[in-house]
Amino acid sequence: MSAWFSRGMHLLAAVFLVAAGSGAAACGSGDSNSYNASGDDDSGVGTDGGADGGSLTGDDGGLIGNMGNLQSITVDPPSASVESMDGKAVSQAFKCTAHFDTGKSATVMNGVAWSATDPQVGGVDPAGNYTATGSIGGLVTVQATYKGMKASAQLTVKLHLHQNPGNVGGSAQTQLMGASTMDPSVVWAYPYDGTVWPRGLLPPILQWNGGAASDDYYVHLKSATFELEEYTTATSAPTSRVALDATTWQKFVDSTSGATQVTVARWDGMAATLLANHTWTIAPASMRGTIYYWSNNLGRVLRIKPGAAMPDDFANQAPLNDPAQYTQSSCLMTCHTVSADGSTLVSGGGVFGGSYDLIKGQPTVYLGGTWGANGGATTDSSVVKWSNSAVSPTGKYILTNTMAEGLAYANDHTTTGFLGMYTTADGKPVPNSGLMGVPITQPAWSPEGSRIAFVDAGDPMGWYGSWNAPPPGDLKVYQFDETKNPMAFNVQTMVATGADPNKRIAWPTMTPDGQWILYSRTMQADTRAIGNSAATPNVTDLYFASAVTPNQEVRLAKLDGDGYPFAAGARDLSKNYEPSFAPVAAGGYFWVVFTSRRTYGNILTGDVTQVKQLWVAAIDENPKPGVDPSHPAFHLTGQDEGNLAMRGFWALDPCKGDGQGCASGTECCGGYCSGPAGDSGGPVCTSQSAGCSQDGDKCNTTSDCCNAAAGVTCINHVCSEPPPQ
């Protein structure tokens, strides 16, 4: 969240006579202020030594002589750059210059209030001297306020770090810095060139195939506001890896917004060569929320907050794992969905089927337990009725999936007729939904609640024998408004499935603003089956289309990896499934988590039966029809790499009450993160707006956002940062 770091105070220093710089641009205007020769004005300006050939001030700092009417002020220099070497403090002096209608200018010494953005970078003192602390770099606006007028200057602060954990000698360092030829004996594996990284994550592990344990390496990250020069060695050669320091990585991403040049060079004792010459982009915000995913091997839903070192096995506790309360089986909860606000999880099988209150950590509606006749101790198919359903953004409603009815009927040839919308609090049908009895496959609510996307695969009684492989169907969208009768209306076809049954549409998810849909084109809907054999054709890729205007489909080539030189080659192509958008934008992007069977560098390199993990990619916040808005994906660090993972659902964290500490208004029930400092000295949640909404706070329109003039927009009722420039 941006904030002005105010250090303005009246100065008691003497007034110096300084001529205004010719490069300063006028900023601000207001009512004229007349200056006279009486010397009793407390303006604290010194006259321009131009036409008058000199200047005078009174003992009290007041003006001597008639300067005329104040027209504007400027801050000089208008732009500047400083560089902090290895965290040392560095300063830059600024002055405020007053401009009068007489053509004269003067440096203002008294009565100026100075302030600066981004207090993590540094601050400005009452004399206009800015000091960067050396903690992080950044682009800072330094502002002067004088007699109601404002002017500002731009300061670029670069943090430049040098590290040598490999104890690489000076001559080798010189060779490494001069490397310019790509190394033909090394294949880069991870991360991908072109990746967009958010803040708040653990650092990636740099991975390549080739090299020896005795080699030295040079890792060089360079942006406008940060530079790292690290000399190091790799582990696990020839499946070589370098783990970046977590503290350094945080300084890097907190310092940077936009493009970063990434080079990695190798010294083998004889020659220096390049391994990577990539460009990354850093989004100026952390991804918000938590991802709930199914761990195949464990048979449980886990959750992980981006940036966490390990997942949270949150549901593996009483009452669900208590055999005295629930019949136990190999799956605790499965075929799950989570509401966008993080309040409600719906499970479609295992020990517990029904709705689960994530705030209280307790079941709400219990439909039954175990996975039907073949999965546990009961033949009751009720447990799967809400399998793979859609949950409304607030967790109030669930909308069934035809695959659930197909499974239930295939299990007992009895259970049917339950398709429709229900309330999660009591399991009762919603008669005025307009959706009772309507066959809807793989539904997904838009995070802001106005639309429902789904695949029209028809009546499951016609294909229940293949309940996990519905027939091809068109991608359609309902409009939704719970104040209307019916709630769902105006269904529209957005994308036709086409003639190729191996490219059927599956598992749609919608952007936070409800304007776009991301989905897979695949051989079948059940990603457990597709690719279970290394010999099975495994062609599944992600696509993007408008949720408003039909027939605007585009393949997400950059996310899918079309043409990318994967270290594993074609083995890593077309292995992408089950996308889910974060419910809010962050750092100028939409963020999507998806399941992929691609290799993870040289860490997870098995065949498609052995590798299935969660990946995340940035999607441009303002997509253009027919243009791929995606970016290369990154592996979600912290998930359990020893188990297969699938069906990640992204939700906000359950909200915090007023007075609790926060980093963003999206964490707060009241929608705002500001107010007085809490016990930790940081901002706290509040229900009261401070007049305008900071980035991440609640809004209804873009005009509610404090930084709207800087490109911040209101998306899904959250003031969302613009993309980096």
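**Disulfides, sheet, cores and cavities**

Trainee: Does cysteine 719 count as buried or exposed?

Mentor: The relative accessibility of cysteine 719 is 0%. Buried means under 20% relative accessible area, exposed over 50%, and partly exposed in between, with a 1.4 Å probe and protein chains only. Cysteine 719 therefore counts as buried.

Trainee: What kind of model is this?

Mentor: Residues are numbered from 1 along each chain as its sequence is written, and side-chain values use heavy atoms, with hydrogens and water left out. Local features need pLDDT of at least 70, side-chain atom pairs count only at pLDDT 80 or more, and totals for chains, interfaces and linings use all residues, this being a predicted model.

Trainee: Which cysteine is joined to cysteine 719 by a disulfide, and what is the handedness of the link?

Mentor: A disulfide is a pair of cysteine sulfur atoms within 2.5 Å, and the sulfur of cysteine 719 is 2.1 Å from that of cysteine 705. The torsion about their S-S bond is about -95°, so the link is left-handed. Cysteine 705 lies in the loop between E44 and E45, whereas cysteine 719 is in strand E46 (residues 718-720), 14 residues apart; helices (H or I, at least four residues) and strands (E, at least two) are DSSP runs, numbered from the N terminus. The partner, with a relative accessible area of 4%, is likewise buried, and the disulfide is that of cysteine 705, left-handed.

Trainee: Where does the partner of cysteine 699 lie?

Mentor: A disulfide with an S to S distance of 2.1 Å joins cysteine 699 to cysteine 714, and with 100° about the S-S bond the link is right-handed. The two cysteines are 15 residues apart, with cysteine 699 in the loop between E44 and E45. Both are buried. Cysteine 714 lies in strand E45.

Trainee: Are cysteine 692 and cysteine 706 buried or partly exposed?

Mentor: These two cysteines are joined by a disulfide, S to S 1.9 Å, which is right-handed with 100° about the S-S bond. Both lie in the loop between strand E44 (684-686) and strand E45 (713-715), 14 residues apart. Cysteine 692 has a relative accessible area of 31% and cysteine 706 has 24%, so each counts as partly exposed.

Trainee: What pattern do the disulfides of the protein chain follow?

Mentor: The structure holds six disulfides. The sulfur of cysteine 331, by contrast, is 8.3 Å from the closest cysteine sulfur, in cysteine 335, and is therefore too far for a bond. With bonded cysteines counted along the chain, the pattern is 1-4, 2-5, 3-6, 7-10, 8-11, 9-12.

Trainee: Which strands stand at the edges of the open sheet of four strands?

Mentor: The sheet has the order E38-E39-E40-E41 with antiparallel pairing; two strands pair if DSSP finds at least two bridges between them. E40 (residues 613-620) and E41 pair over two bridges, and valine 616 stands opposite phenylalanine 634 in E41. Each edge strand has a single partner strand, so one side of it is left without a neighbour in the sheet; these are E38 (576-581) and E41 (634-635).

Trainee: Which residues touch the most other members of the largest nonpolar core?

Mentor: A nonpolar core is a set of buried Ala, Val, Leu, Ile, Met, Phe, Trp, Tyr and Cys residues joined through side-chain atoms within 4.5 Å, and the largest has 68 residues. Apart from it lies another core, of 30 residues, among them Ile73, Ala98, Ala153 and Val157. Leaving aside neighbours within four places in sequence, isoleucine 619 is in contact (heavy atoms within 4.5 Å) with residues including Leu518, Phe581 and Pro629. The members that touch the most others are Leu206, Trp208, Trp591 and Ile619.

Trainee: How much space lies in the largest cavity?

Mentor: On a 1 Å grid over the protein atoms alone, a cavity is a set of points where a 1.4 Å probe fits but cannot get out, and lining residues have an atom within 4 Å of a point. Grid points are joined across faces, edges and corners, a volume being the space filled by probe spheres set on the points, and the search finds five cavities of 30 Å³ or more. The largest is lined by 29 residues, of which Ala444, Trp445, Thr509, Ser580 and Phe649 lie nearest its centre. Its space is about 370 Å³.

How values were computed: 1 Å grid on protein atoms, 1.4 Å probe; cavity = no way out; pocket = protein on both sides within 12 Å on 5 of 7 lines; lining within 4 Å.
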